[in-house]
Amino acid sequence: MRLISTIFSFFVLIFLSISLVNAMEQGHNTDMRCEICGMGIIKGGKGNFVIELKDGSTRTTDSPDCGMLLRGNLSDNVKSAKVTDYNTKELINADSAYYVKGADITTKKDKLEKGLMPNSMVAFSTKEKAEAFQKEHGGEVLNYEAAVKSLAGKKMKKHGHDKDKGHGI
């Protein structure tokens with residue numbers, strides 16, 4: 001009986017290990033959550049925002065919106081901020097990026113892309129690239145300062161992946 005229990009435990013351990021590897025291969029960081037909204041952060045996500053603090057540590061959020069809110073909370077301790085460029089998936093300087101707010105790929109459930117938080121902004125390295133994207137997907141092109149101002153009074157609730165609450169789409 002003890003042998004059967006040991007074998008069963010071994011197979012459960014193998015199953016859990018395979019499940020964890022699969023989750024990581026799909027890009028989900030199984031232990032990182034956005035400290036503003038509570039959503040899981042996808043490694044290489046199309047909307048990630050990375051803040052480097054003066055002590056060398058970093059804080060990552062799942063969207064430009066959450067990143068801008070967190071950066072405001074940490075203002076005196078921030079060394080730099082980067083955001084994921086929608087087209088290249090590369091991290092770019094958040095201050096010089098252009099943002100599209102209200103694009104259909106974040107506001108319409110049937111168009112929402114994996115790696116983007118619903119109702120969030122998307123970032124681009126140049127105004128021209130943001131405007132080209134806007135022509136196809138709608139929304140408003142904003143520089144960093146205008147993007148931050150557009151969030152005035154916005155507070156994100158921690159909600160995780162609750163399909164009934166979500167981000168409101």
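Let me start with the cysteines: a search of the whole structure turns up zero disulfides. A disulfide here is a pair of cysteine sulfur atoms within 2.5 Å. Before the details, a word on the basis. This is a predicted model, where local features need pLDDT of at least 70, side-chain atom pairs count only at pLDDT 80 or more, and totals for chains, interfaces and linings use all residues. Residues are numbered from 1 along each chain as its sequence is written, and side-chain values use heavy atoms, with hydrogens and water left out.

Cys66 is in no disulfide either. Its nearest cysteine sulfur is again that of Cys34, 3.7 Å away. Buried or exposed? Cys37 is buried, at 0% relative accessible area. Cys66 also counts as buried, at 0% relative accessibility. The cut-offs: buried means under 20% relative accessible area, exposed over 50%, partly exposed in between, with a 1.4 Å probe and protein chains only.

Now the whole chain. There are 169 residues, and 38% of them count as buried. The accessible surface is about 10300 Å², with 54% belonging to carbon and sulfur atoms. Those areas come from the Shrake-Rupley method with a 1.4 Å probe; for residues, only the protein chains shown count as cover.

Secondary structure next. The protein chain has five helices and nine strands. These are DSSP runs, numbered from the N terminus: helices are H or I with at least four residues, strands E with at least two. From the N terminus, the order is α-β-β-β-β-α-β-β-β-α-β-α-β-α.

Four strands form an open, antiparallel sheet in the order β4-β3-β5-β6. Two strands pair if DSSP finds at least two bridges between them. Which strands stand at the edges? They are β4 (58-61) and β6 (91-93); each has a single partner strand, so one side of each is left without a neighbour in the sheet. Neighbouring strands are turned by 30° against each other on average, direction ignored.

Look at β3, residues 49-53. Four bridges join β3 to β4, and the two run antiparallel. Phe49 stands opposite Thr61 in β4. Helix α2 (residues 64-73) packs on this sheet, touching β3, β4 and β5 (78-84). Contact means heavy atoms within 4.5 Å. The direction of α2 makes about 20° with that of β3. Axes are lines fitted to C-alpha atoms, for helices over the stretch in contact, and angles run from 0 to 180 degrees between N-to-C directions.
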